Amino acid sequence: MSPRRLRIAFLHPDLGIGGAERFVVDAALGLRKLGHIVDIYTSHWDPNHCFEETKDDSLKVRYVKPPFPRSIKGKFHILCAHARQMHLVTHLLSANAQSYDVYFVDQLSTCVPFLRVIGSTRVVFYCHFPDKLLANGAFVDGTLLNKQGSLLKRIYRYPMDWLEEVTTRQADVILANSKFTARVFKSYFPSISQNPDIVYPGINIQAYTSNVDTSNTDVATILSETPTLLSLNRFEKKKNAALAIEAFAIMKAREPTQALRLVLAGGYDPRLQDNIQTLRTLTELATTHSLSYNIITPTISTIPVPDHTKVSTPDIVFLLNFTTAQRTALLNSTSTKALLYTPANEHFGIGPIEGMICGVPVLACDSGGPTESIIDTPSDDRTGWLRPPDPVVWADTLQEILALSPGAREAISSRGRERAREFFSLDAMSKGLEVALLKVVALGSVQNLIFKVFVMLIGLLAAYVFTSKITSFLIPSRFQ
């Protein structure tokens, strides 16, 4: 039990299915387990597209529906995100709102100065990765590709990037999900003197190791005695699931008679064009390689499944919005031979941890967060493999993994479980977060310096007015 019981409010923009959402859910669960009172506030929550803990009374989720859309004609996502979060803040700062000892904010920092100054409450900000880098191009460790973009995009992004830096700077404590993210943060936010503390995302081990009812329809549908390669990622282009299909196709071409299947499972949101296009691209890639596939969803799902010809024993299974039971069953199945974690330069990546805690050998790209979670040495320390995102290299490595002797596989599985429990468990993460929260609360009340508040608000107002004028100018022409 914690030495002090805190009242904590989490603010997260969209409580769907993804790594950041999994972190928020597990962080809230972990802090509740330590005795704290935790509420989660969000601008979007769909009971048909969310983690089960957010709807089974495990957590208290407060969904404040905003009057603003997620985008304007498919553009201006970040501008709309700012507006939606400010609407959420208005709710939190209303006269009859619940009071809290500390706010925990992640992904979007716009609200930080308002919660601190107007709400007179300390704020911890958790950085998954700077939005300015996610928006401006593909980030390779140390290099931002396509940084310039079009002139209009640079005009639009400039106040957004400035706003991100100046509001993040207002947080009392800044945390990062990996040393990789912290290093990038310091490089691209030069005005922020604070060095982020590292708190690795953790997982609820019990949720991954509990018994699963294999007679359950959803579980029975995805289990198979065929040796399985598993990938757990959202259906987004940047997650590069195409790498898994390309490597799988090479392996099938080398040994056509080998019994093997690939399961690509992850969050899929039909509201997002990226999700729709990514799934379409992946199915087209499978067809190009003459690989059969099925697209399936849990029985409770209401999302439409793209039309396709179903087969009895597909080479590839696309599992959209898997349930906790499906995920646990796949990770603990003796048929699952490897977990493929395909994103390059991932900020942290919970996938390798999920694989290790279930004793599944992991193959991941040799960049970003996985280089901190996975130990790849030819010695007795190995917990997985780190390789460049080359389909041929991945196919070679996967064949190496499939050829492991039972003893070698068990040794890697054991080391993976031990490492995941020691460094990436829910308990380890919760204690790290608790230290940060207690530290910030110990700072006492926020000093309301009127002049500082005035200047800050004027700056924020100027940024919004400037951006609004740009938006009204561009919508009728370039961005319609």
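I began with the salt bridge between the side chains of D101 and R7, with N to O at 3.0 Å. I note that this is a predicted model. The two partners lie 94 residues apart, D101 in the loop between α2 and β4 (102-106) and R7 in strand β1 (residues 7-12). I looked up accessibility next: D101 is buried at 18% relative accessible area, whereas R7 is partly exposed at 31%.

I then turned to R254 and D396, whose side chains form a salt bridge at 2.8 Å, N to O. Because R254 belongs to helix α9 (residues 242-254) and D396 to helix α14 (residues 391-402), the pair ties together parts 142 residues apart in sequence. I recorded R254 as partly exposed, with 37% relative accessibility, and D396 as partly exposed, with 39%.

I placed D376 in the loop between α13 (370-373) and β16 (384-387), and R387 in strand β16, eleven residues away. D376 is partly exposed at 24%; R387, at 19%, counts as buried because the cut-off is under 20%.

For the structure as a whole I noted 20 salt bridges. I also found a network of salt bridges linking D14, R70, D269 and R271.

Finally I examined Q85, in helix α2 (residues 77-92). Q85 is buried, at 5% relative accessible area. A polar atom of the Q85 side chain lies 3.0 Å from the backbone oxygen of L108. Beyond neighbours within four places in sequence, I listed contacts of Q85 with V105, L108, S109, T110 and C111.

Notes. Residues are numbered from 1 along each chain as its sequence is written. This is a predicted model: local features need pLDDT of at least 70, side-chain atom pairs count only at pLDDT 80 or more; totals for chains, interfaces and linings use all residues. Side-chain values use heavy atoms; hydrogens and water are left out. Helices (H or I, at least four residues) and strands (E, at least two) are DSSP runs, numbered from the N terminus. Buried means under 20% relative accessible area, exposed over 50%, partly exposed in between (1.4 Å probe, protein chains only). A polar contact is a pair of N or O atoms within 3.5 Å; within protein, one must be able to donate a hydrogen and the other to accept it, and residues adjacent in sequence count only if both atoms are side-chain atoms. Contact means heavy atoms within 4.5 Å. A salt bridge is a side-chain nitrogen of Lys or Arg within 4 Å of a carboxyl oxygen of Asp or Glu.
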